Amino acid sequence: MEERKAIEVTDLVISYKNFKKTSIKKSLLQFKRQKAENFVAVKGISFYVREGEILGIIGKNGSGKSTTLNALAGIFSPDSGVIDLKGHSVSLLSIGVGFQKEMTGRENIVLSGMLLGFSEAEVKAHEEEIIRFAELGDFIDMPVRTYSSGMYSKLAFSITAILETDIMLIDEVLSVGDQRFKKKSYKKMKSLISNKDRTVVIVSHNLNTLTELCDTVMWMHDGEIKKIGPPKEVLDEYVAYMDK
Amino acid sequence: MFQKFLKDIKKYSRYAAYSAKAKLKSEVANSYLNWLWWILEPLAFMLIYTLIFGVVFNAREPYFPVFIFIGLTMWNFFNKTMLQSVRIVKNNKAIVSKVYLPKYILSLVQIGVNGFKMCVSMVIVLGMLVFYKVPVNGNALYAVPILITFVLITFGASCFLLHYGVFIEDLTNVTNIVLRLIFYLTGIFYDVMKRIPAPYNAVVGKCNPIAFLLSSMRQCVLYGKTPGRKLLLAWFVFSLLLCMLGVRKIYKNENSYVKVI
């Protein structure tokens with residue numbers, strides 16, 4: 001069978017430049033223009049992910065993993081290069097998903113769902129399931145600001161886990177909530193990920209998770225791809241490098 | 001760009017509407033008097049201004065309470081939207097850094113919230129027109145194009161504030177000062193044409209779109225006169241242009257916002 005690519009990234013460059021915040025006082029007092037600092041976070045990487053594949057990304061802090069993930073989610077625009085999602089819907093799951101603090105959990109479910117590209121009716125159809133999975137009980141009709149941090153991340157996880165998109169981008173959130181929820185979410189995540197139609201990109205530092213879940217692992221180092229290949233091979237080399 | 005704009009509006013309008021509704025709900029959910037505040041607040045301010053300017057400063061405009069109420073209603077809409085726009089991206093960091101949405105949608109949500117309150121006040125204006133037995137004629141229909149122009153100008157300006165608010169930290173302070181200046185140059189509680197000495201009154205009354213739209217509104221609703229149609233059309237075209245430029249500015253830059261906040 002012909003392999004279909006779900007994500008194709010070509011020569012992706014993302015830099016943080018010129019975008020320093022400024023204030024009017026500063027710009028009045030400084031006659032010389034501040035030299036724009038150009039920090040290149042991702043330096044022209046190319047890779048692709050096949051449909052149904054699970055790609056893990058590993059690398060030390062600041063190596064451009066999360067930046068890449070954000071770019072895939074469409075939050076950053078590439079400075080150059082192309083990201084082609086082949087028309088798939090995509091959702092980013094990361095710590096502390098964006099909720100409106102003054103609104104109730106229920107309203108936030110609908111809002112988040114609509115932002116992920118679902119219609120109000122589609123979200124409503126899954127609402128009960130999300131609430132049940134998140135184990136929030138009566139708190140669901142309280143403003144989100146009253147939630148504990150655990151409840152917050154449980155709700156965030158449940159929304160993304162139950163409203164399924166074609167491509168899931170996961171940033172270090174395989175463990176939220178208490179021991180029991182952790183187990184449950186891990187199981188859910190595994191069943192989601194192992195669905196053959198779903199393409200997943202995981203950023204994680206957890207070697208066990210990556211070995212267990214991923215088909216391919218990509219090791220990023222200082223904005224470049226150091227190695228990409230089968231999990232065991234890449235991870236062994238990564239561990240050896242990090243221990244040096 | 002125009003097609004992209006239409007597509008995005010179509011795609012996100014449901015979100016914007018739901019978000020505005022939820023915001024309105026959450027605003028009143030925890031207060032004692034609930035939605036009554038939407039009526040009480042403008043009424044209370046109208047009473048204060050009527051007392052100060054009608055009694056203490058002896059203003060002579062006919063139907064003075066309605067005169068002030070129309071002014072306040074429109075001004076509040078403009079003022080609130082402007083102030084909120086400056087920090088809107090920062091305040092929505094949680095969303096903006098998690099999912100893509102055209103950033104002017106955030107502005108539209110605020111306009112929805114403030115616009116709803118403006119509509120409530122407009123209903124009160126209708127009530128007051130009846131109460132004070134104001135003779136209303138066909139010219140009152142000009143209120144519709146005036147309001148459309150007004151909302152468009154607000155949206156256009158808010159796009160620019162949204163954009164620069166991301167990059168310039170102390171824009172809030174400047175906006176505050178400028179808004180206060182516009183407040184006094186708009187004549188919320190006096191008639192710009194009568195109180196400012198000529199020839200400056202014409203300059204302020206015509207070149208300040210807010211003052212122009214506000215006094216036109218009063219002219220047509222309260223005093224049954226036809227507003228300056230050519231000027232209204234000119235400002236309408238201007239507001240469309242402003243919206244276009246604003247949206248274009250946001251489209252061009254919005255993906256770098258997240259890198260800054």
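Helix axes here are lines fitted to C-alpha atoms over the stretch in contact, and angles run from 0 to 180 degrees between N-to-C directions. Helices themselves are DSSP runs (H or I, at least four residues; strands are E, at least two), numbered from the N terminus. This is a predicted model, where local features need pLDDT of at least 70, side-chain atom pairs count only at pLDDT 80 or more, and totals for chains, interfaces and linings use all residues. Residues are numbered from 1 along each chain as its sequence is written, while chains are lettered from A and ligands numbered from 1 in the order in which they are written.

Now look at helix α2 (residues 36-56) and helix α3 (residues 64-86) of chain B: they pack at about 125°, with axes 9 Å apart. That angle makes α2(B) oblique to α3(B) (under 35 degrees is roughly parallel, over 145 roughly antiparallel, 65 to 115 roughly perpendicular, and the rest oblique). Who touches whom? On the α2(B) side you'll find Phe45(B) and Tyr49(B), among others, and on the α3(B) side residues including Ile68(B) and Leu72(B); contact means C-beta atoms, placed from the backbone, within 7 Å. The residues of this contact split into nine nonpolar, three polar and no charged (Ala, Val, Leu, Ile, Met, Phe, Trp, Tyr, Cys and Pro are nonpolar, Asp, Glu, Lys and Arg charged, the others, Gly among them, polar).

Zooming out, chain B has 12 helices and zero strands. Its C-alpha trace spans about 55 × 45 × 35 Å along the principal axes. Of the chain B contacts with a separation of 6 or more, 79% join residues 24 or more positions apart.

How values were computed:
Two residues are in contact if their C-beta atoms, placed from the backbone, lie within 7 Å.
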